[in-house]
Amino acid sequence: PTIGNYSIVHHAFNQGGSATDSGTVEILRDAPFVCTGTAEYLTDCTSRTWKMAPVAGALWVGPLDGSSTWWAIGATGATDRPCHWNDEWTFNSDLEMVYETNGDLWAETYMGAAADGCQDTTFYTGNLEAWGDGTHSYEVLLGTGPNGEDQIRVSGLGAWIGLQKAANAGETTVPVASITYTILSAEEDANTGVRTMEIECNCTSLLWRFTLRSE
């Protein structure tokens with residue numbers, strides 16, 4: 001849906017064998033933004049900002065079948081990790097997702113931190129810098145989830161939602177080029193207009209789930 005050059009690989013198979021060919025397709029202009037369904041929910045047709053929801057289980061990890069909980073953050077997550085709960089993901093109708101740390105971040109030992117805890121954004125150095133403040137692209141994938149749910153794909157080195165290490169090829173210690181999330185639920189309070197969304201990242205051998213809120 002967005003301007004750019006895309007590599008296409010075509011694999012053909014028959015009883016006699018197989019062949020592969022590749023090429024590049026250039027998209028000259030962005031597809032028009034259609035503001036319905038999930039796209040409207042994410043952006044309000046213009047721009048909408050999301051944060052981690054201050055609720056128990058806003059960070060959750062478990063097996064691929066979702067049958068049990070290996071770990072979930074408690075109801076005090078927002079006060080235990082203030083540097084994580086002030087992170088913002090803004091989805092714009094131009095198909096850009098803007099991520100802002102707001103000056104600090106939750107760093108863990110797999111990133112090289114001495115202990116899990118809040119750090120100033122200067123902690124991000126080297127190849128970890130891509131996880132910091134930045135603008136990325138996103139797509140709304142209609143009905144492509146494992147049970148027909150809509151999905152969100154964020155693209156651009158370092159694009160992520162919820163937790164940096166949750167990626168589709170497995171938990172990662174470095175930024176990756178894109179991540180796809182399945183939308184498990186999306187609800188809006190009729191009185192306040194507050195929206196809540198639970199998304200899931202299939203990490204090959206486990207699931208990470210994140211609950212986000214937009215006010």
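In the predicted model, the link of C35 and C45 is left-handed, with -90° about the S-S bond. This disulfide joins C35 to C45 at an S to S distance of 1.7 Å. The two cysteines belong to distant parts of the chain, 10 residues apart. C35 lies in the loop between strand 2 (17–27) and helix 1 (37–43), whereas C45 lies in the loop between helix 1 and strand 3. C35 has a relative accessibility of 24% and therefore counts as partly exposed. C45 is also partly exposed, because its relative accessible area is 35%.

The structure holds 2 disulfides. A disulfide is, in general, a covalent bond between the sulfur atoms of two cysteines. Besides the link described above, a disulfide joins C83 to C118, with an S to S distance of 2.1 Å. The torsion about the S-S bond of C83 and C118 is about -85°, so this disulfide is left-handed. Here too the pair links distant parts of the chain, since C83 is in helix 3 (residues 82–85) and C118 is in strand 9 (residues 117–120), 35 residues apart. The two ends of this bond can be described by their accessibility. C83 counts as buried because its relative accessibility is 1%, a value under the 20% limit for burial. C118, at 40% relative accessibility, counts as partly exposed.

When the bonded cysteines are counted along the chain, the disulfides of the protein chain follow the pattern 1-2, 3-4. C201 is in no disulfide, and the nearest cysteine sulfur, that of C203, is 3.6 Å away. This distance is not within the 2.5 Å required of a disulfide, which is why the pair is not counted as one. C201 has a relative accessibility of 0% and so counts as buried. C203 is likewise in no disulfide, its nearest cysteine sulfur being that of C201. At 1% relative accessibility, C203 is therefore classed as buried.

Aromatic residues were examined next. A search of the whole structure finds 9 aromatic pairs. One of these is formed by F91 and Y138, whose ring centres are 5.1 Å apart and whose planes stand at 90°, so the pair is edge-to-face. F91 is in strand 6 (residues 88–92) and Y138 is in strand 10 (residues 134–141), so that the pair links distant parts of the chain, 47 residues apart. Both F91 and Y138 are buried. Elsewhere, W71, W208 and F210 form one aromatic cluster.

R48 lies in strand 3 (residues 47–52). At 9% relative accessibility, R48 counts as buried, because the value is under 20%. The side chain of R48 makes a polar contact with the side chain of S214, at 2.7 Å. Leaving aside neighbours within four places in sequence, the residues in contact with R48 include Y41, L42 and T43, as well as W89, T90 and F91. Further contacts of R48 are made with G193, R195, S214 and E215.

Key: Residues are numbered from 1 along each chain as its sequence is written. This is a predicted model: local features need pLDDT of at least 70, side-chain atom pairs count only at pLDDT 80 or more; totals for chains, interfaces and linings use all residues. Side-chain values use heavy atoms; hydrogens and water are left out. Helices (H or I, at least four residues) and strands (E, at least two) are DSSP runs, numbered from the N terminus. Buried means under 20% relative accessible area, exposed over 50%, partly exposed in between (1.4 Å probe, protein chains only). A polar contact is a pair of N or O atoms within 3.5 Å; within protein, one must be able to donate a hydrogen and the other to accept it, and residues adjacent in sequence count only if both atoms are side-chain atoms. Contact means heavy atoms within 4.5 Å. Rings of Phe, Tyr and Trp (its six-membered ring) pair if their centres lie within 6.5 Å; planes under 30 degrees apart count as stacked, over 60 as edge-to-face and the rest as tilted.
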